[in-house]
Amino acid sequence: MAAITRDILTSAALGFISDVVCQVGVERRGADDFDSSRLAVLTVFNGAYIGSFLHVLYKLFPPIVVQLSHPLQQPALRDASTVAHALGCAVVDNVHNGLIYIPCFYLTVGTFCQGGSFQAAKLSLCHEWWPTYASCTAFWLP
């Protein structure tokens with residue numbers, strides 16, 4: 001199986017399992033109020049974004065960090081075996097989270113989980129971007 005196919009299927013399965021756990025375990029939903037539309041949207045989003053887009057994007061982080069090492073005059077960023085390089089990749093990912101991932105998540109998942117209203121999803125993104133970005137940063141940056 002090709003690596004990208006494996007990543008898409010794994011990410012979709014993890015999205016599926018995670019939402020089932022959230023709906024049943026955390027939200028205490030039963031069969032009568034289980035949100036299968038949300039489950040489908042999160043499963044597809046995880047497979048498409050995390051499984052395919054990030055499969056490609058993450059391969060670009062090391063060369064981006066190397067390129068940034070020149071204007072920043074930080075030669076340690078050029079060596080992939082250093083902590084500085086790893087931290088550089090984490091910072092690049094953090095920028096990606098704010099500029100690409102969070103808007104994609106809110107506009108895609110929000111549109112399909114909020115009755116198909118792009119405007120409602122956009123409004124939610126505007127109100128929730130900062131707390132979402134702050135929590136992502138606190139979680140993902142070492």
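1. The model is predicted.

2. Packing of α1 and α2. Helix α1 covers residues 3-26 and helix α2 covers residues 36-57; the two pack at an angle of about 145°, and their axes lie 7 Å apart. The crossing of these helices is right-handed. On the α1 side the contact includes Ala3, Ile4, Asp7, Ile8, Gly15 and Phe16. On the α2 side, Arg38, Leu39, Leu42, Gly47, Ile50 and His55 are among the residues that take part.

3. Salt bridges. A search of the whole structure finds four salt bridges. One of them joins the side chains of Arg6 and Asp7, with an N to O distance of 3.2 Å. Arg6 counts as partly exposed at 43% relative accessibility, and Asp7 also counts as partly exposed, at 22%.

4. The bridges of Glu27. Glu27 pairs with Arg29, their closest N and O atoms being 2.7 Å apart. Glu27 is also bridged to Arg38, where the closest N and O atoms are 3.1 Å apart. Arg38 belongs to helix α2 while Glu27 sits in the loop between α1 and α2, so this pair ties together parts that are eleven residues apart in sequence. Through shared partners, salt bridges join Asp19, Glu27, Arg29 and Arg38 into one network.

5. Is Arg38 buried or exposed? Arg38 counts as buried, because its relative accessibility is 15% and the cut-off for buried is under 20%. Glu27, at 36% relative accessibility, is partly exposed, and Arg29 is partly exposed at 25%.

6. Leu99 is exposed, since its relative accessible area is 65% and exposed means over 50%. Asn97, by contrast, is buried, with a relative accessible area of 6%. Leaving aside residues up to four places away in sequence, Asn97 touches Ile102, Pro103, Cys136 and Trp140.

Definitions and conventions. Residues are numbered from 1 along each chain as its sequence is written. This is a predicted model: local features need pLDDT of at least 70, side-chain atom pairs count only at pLDDT 80 or more; totals for chains, interfaces and linings use all residues. Side-chain values use heavy atoms; hydrogens and water are left out. Buried means under 20% relative accessible area, exposed over 50%, partly exposed in between (1.4 Å probe, protein chains only). Axes are lines fitted to C-alpha atoms, for helices over the stretch in contact, and angles run from 0 to 180 degrees between N-to-C directions. Helices (H or I, at least four residues) and strands (E, at least two) are DSSP runs, numbered from the N terminus. A crossing is left-handed if the near helix is turned anticlockwise from the far one by less than a right angle, and right-handed if clockwise. Contact means heavy atoms within 4.5 Å.
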